[in-house]
Amino acid sequence: MAIVGAAECDLGSTGKSTLTLQTQAVTRALADAGLTLADVDGLATTGVSRFSTTQLAEYLGQQPRWVDSTFVGGSAAEMMVARATQAIDAGQASTVVISFASNQRSARSRSLGGIVEEHTPEAQFEAPYGPLYPLSYYAMAAQQYFHRYGGTREKLAEIAVAAREWALLNPAAFRYGAGPLTVDDVLAAPMVSSPLTVADCCLVTDGGGAVVLTTLDRARDLRHPPVRVLGYGERSTNTSMTAVEDLTVTGARESGREAFARAGITPADVDVLEVYDSFTITAALSIEALGFCGPGEVLDFISDGRIRPGGELALDTSGGGLSYCHPGQYGVLLLVEAVRQLRGEAGARQVPDARVAVAHGTGGILSTHATVVLGVR
């Protein structure tokens, strides 16, 4: 299978509805592929409403024969790539669009406390402490990582600093004109949940994107060279922090291992790495779990400019959720950027001779993990 189209909708603070943004993402991705809605018979989306796929399909005037509305947070789009690949292989669909968009900034729909479901079993143990969902949980993961392996806030701040450098090369990034970010800037930003400051946290923006998948045979006749789906893997590990014994170990280990094995690659073969960076610690844990360094090594591994433009590991080349865009479920935009890098369309931020890219999504509170390996080899 191959991805043949990829696009963003409008980003930032748009004043548009979620369905308008979804429609932009879908139609732009199809136009990128040289296809139309008439070619689509599979649709995967989430975040529109209780019945997201039927809502979007009706809005687009579609009656797809295959749909997926897997709702697992930020890893949903990567999981949908696997589902779509399997559906096309099984003959359930021939061309599938995966999309997500939200207008959370315009709608001012994201509160600091997030969503707390008082009826869940874990609520009795967690809600009395008033955690900020999901921020406080990721902050606890950072604290445990520092306690177990050492490391400092200064070293973790490198994730945010590098993301800003990539964003300064991306005209679509929310922080494109904001100027460089320094380690001191990250440390001096308002503390939200120790050890994470505002600068350790993702943006809150409107936005989203879509990708189009079809068979490799059909892909060869379309507008762009096909970006092949080489491998995928996933793990769902927890819904709460109460049940997690070690916050420094995530399901990305297993999802990455499976994806790399299917693709027949190792981390050394990866030219571009797009990981979910809802928080700086999210990205750090993912880099480590995916095998780019050993346990407890990531904060030293990312030092000395390794993940900045021109470094040895091209990480979150769009600017990531920290400086580019974060519409609530950022995973689809990891795929969009990976495709653009592999097609050589990333402009000033283009990684030379990119042949293999990995997109890795994280959802919930380190709850769901999905890895996709893409390539043009």
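Strand 11 is largely enclosed by the rest of the structure, because 8 of its 8 residues are buried. Buried means under 20% relative accessible area, exposed over 50% and partly exposed in between, with a 1.4 Å probe and protein chains only. Strands (E, at least two residues) and helices (H or I, at least four) are DSSP runs numbered from the N terminus. This is a predicted model, in which local features need pLDDT of at least 70 and side-chain atom pairs count only at pLDDT 80 or more, while totals for chains, interfaces and linings use all residues. Residues are numbered from 1 along each chain as its sequence is written, and side-chain values use heavy atoms, with hydrogens and water left out.

In a regular strand the side chains alternate between the two faces of the sheet. On one side of strand 11 are Val-356, Val-358, His-360 and Thr-362, and on the other Ala-357, Ala-359, Gly-361 and Gly-363, all of them buried. Two strands pair if DSSP finds at least two bridges between them. Strand 11 pairs with strand 9 in the parallel sense over 4 bridges, and Glu-274 has Ala-359 as its bridge partner. The hairpin of strands 11 and 12 has 4 residues between the strands, and in it Gly-364 takes a positive phi near 65°.

The UniProt record, an unreviewed entry, places the feature "domain: Thiolase C-terminal" at residues 233-375; such annotations may be inferred rather than shown by experiment. The span is 29% helix and 18% strand, and its end C-alpha atoms lie 16 Å apart.

Strand 11 also contributes to the largest nonpolar core. A nonpolar core is a set of buried Ala, Val, Leu, Ile, Met, Phe, Trp, Tyr and Cys residues joined through side-chain atoms within 4.5 Å. The largest has 55 residues, and those with the most contacts inside it are Leu-196, Leu-273, Ile-281, Ile-287, Phe-292 and Val-373. Among the elements that give two or more residues to this core are helix 6 (135-149), helix 12 (280-289), strand 9 (272-275) and strand 11 (356-363). Helix 6 supplies the largest share, 8 residues. Leu-196 touches Leu-135, Tyr-138, Ala-139 and Ala-142, and also Leu-156, Met-191, Phe-279, Thr-280 and Ile-281, not counting residues up to four places away in sequence; contact means heavy atoms within 4.5 Å. Another core, of 45 residues, lies apart from it and includes Val-81, Val-229, Tyr-276 and Ala-314.

Val-81 is one of the buried residues of helix 3. This helix is largely enclosed by the rest of the structure, because 11 of its 14 residues are buried. The 14 residues of helix 3 (residues 76-89) should span 20 Å at 1.5 Å a residue, and the end C-alpha atoms are 20 Å apart, which agrees; the expected span is 1.5 Å times one less than the number of residues. Gly-91, with a positive phi near 85°, follows helix 3.

Strand 2 (residues 42-45) is likewise covered on both faces, with Gly-42 and Ala-44 buried on one side and Leu-43 and Thr-45 buried on the other. Strand 2 pairs in the parallel sense with strand 3 (residues 66-68) over 3 bridges, where Gly-42 has Trp-66 as its bridge partner. It also pairs in the parallel sense with strand 4 (residues 95-102) over 4 bridges, where Thr-45 is partnered by Ser-99.
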